[in-house]
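Open your viewer and get ready to select residues by number. We will go stop by stop.

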Amino acid sequence: MSTPDYLKETHMPPRQVRIGDEWFEFQAALEAMGGGLKDGGTERALNLRNYIAWFVREPGAAALKRPPAEKRDWIVKRGAELKKEAAEKAKARTGRARKKA
């Protein structure tokens, strides 16, 4: 899928990345650092882009901060909660789709 010319300056075509359950712990870690939902989405994509910019030494990219090590247990617990919430939402969507059919 190609990005239309009028969007090339502001939008990138979507790219799929398979991360696994760490995705939920990543969200929990962002919450631990004061981040969270923003405009109906999360700050995960923004943080990933910032990490990539830092990693490839993009000029002006700031070194990223990680949550304190003592937050690890909380992050794992919260990540499990987020995973459960996501599974429940997916199950509810599937149930609604079946009722419509």
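Which residues of H1 are buried? Keep that in mind while you colour the chain by secondary structure. What you see is a predicted model.

**Stop 1: the whole chain**

Look for three helices and two strands. Start at the N terminus and trace the elements in order: α-β-β-α-α. The chain has 101 residues, and 14% of them are buried. Now show the surface. The accessible surface comes to about 8800 Å². Carbon and sulfur atoms hold 55% of that area.

**Stop 2: helix H1**

Select residues 22-32, which form H1. Here is the reply to the opening question: Phe24, Gln27, Ala28, Ala29 and Leu30 are the buried residues of H1. Show their side chains. Then step past the end of the helix to Gly34, which follows H1. Gly34 has a positive phi, near 95 degrees.

**Stop 3: the largest nonpolar core**

Select Phe24, Ala28, Ala29, Ile75 and Leu82 together. These five residues make up the largest nonpolar core. Which helices each supply at least two residues of this core? They are H1 and H3, and H3 covers residues 72-100. H1 gives the largest share, with three residues. Leaving aside neighbours within four places in sequence, Ala29 is in contact with Pro67 and Ile75.

**Stop 4**

Turn the view until you can see the crossing.

Now show the side chains in this contact. From H1, select Trp23, Phe26, Gln27 and Leu30. From H2, select Arg44, Asn47 and Leu48, which these H1 residues meet. Colour this set by residue type. Four are nonpolar, two are polar and one is charged. Gln27 and Leu30 are also on the list of buried residues in H1.

**Stop 5**

Select Asp21, in the segment before H1. Is Asp21 buried, exposed or partly exposed? Its relative accessibility is 44%, so Asp21 counts as partly exposed. Asp21 and Gly79 lie 58 residues apart along the chain. Their C-alpha atoms are separated by 8.1 Å.

**Stop 5: an arginine in H3**

Move to Arg78, which sits in helix H3. Is Arg78 buried or exposed? Arg78 is buried, because its relative accessible area is 18% and buried means under 20%. What does Arg78 touch? Not counting residues up to four places away in sequence, Arg78 touches Ala28, Glu31 and Glu85.

**Stop 6: an arginine in a loop**

Finish with Arg57, in the loop between H2 and H3. Arg57 counts as exposed, because its relative accessibility is 74%. Check the backbone here. Most residues other than glycine have a negative phi. Arg57 is not a glycine, yet its phi is positive, about 60 degrees.

Definitions and conventions: Residues numbered from 1 in each chain as written. Predicted model: local features only at pLDDT ≥ 70, side-chain atom pairs only at ≥ 80, totals over all residues. Heavy atoms only, no water. Core = buried A, V, L, I, M, F, W, Y, C linked by side-chain atoms within 4.5 Å. Buried < 20%, exposed > 50% of the residue type's maximum accessible area, 1.4 Å probe, protein only. Helix = DSSP H or I, 4+ residues; strand = E, 2+ residues; numbered from the N terminus. Contact = heavy atoms within 4.5 Å. Nonpolar A, V, L, I, M, F, W, Y, C, P; charged D, E, K, R; others polar. Areas by Shrake-Rupley, 256 points an atom, 1.4 Å probe, with all protein chains shown as cover.
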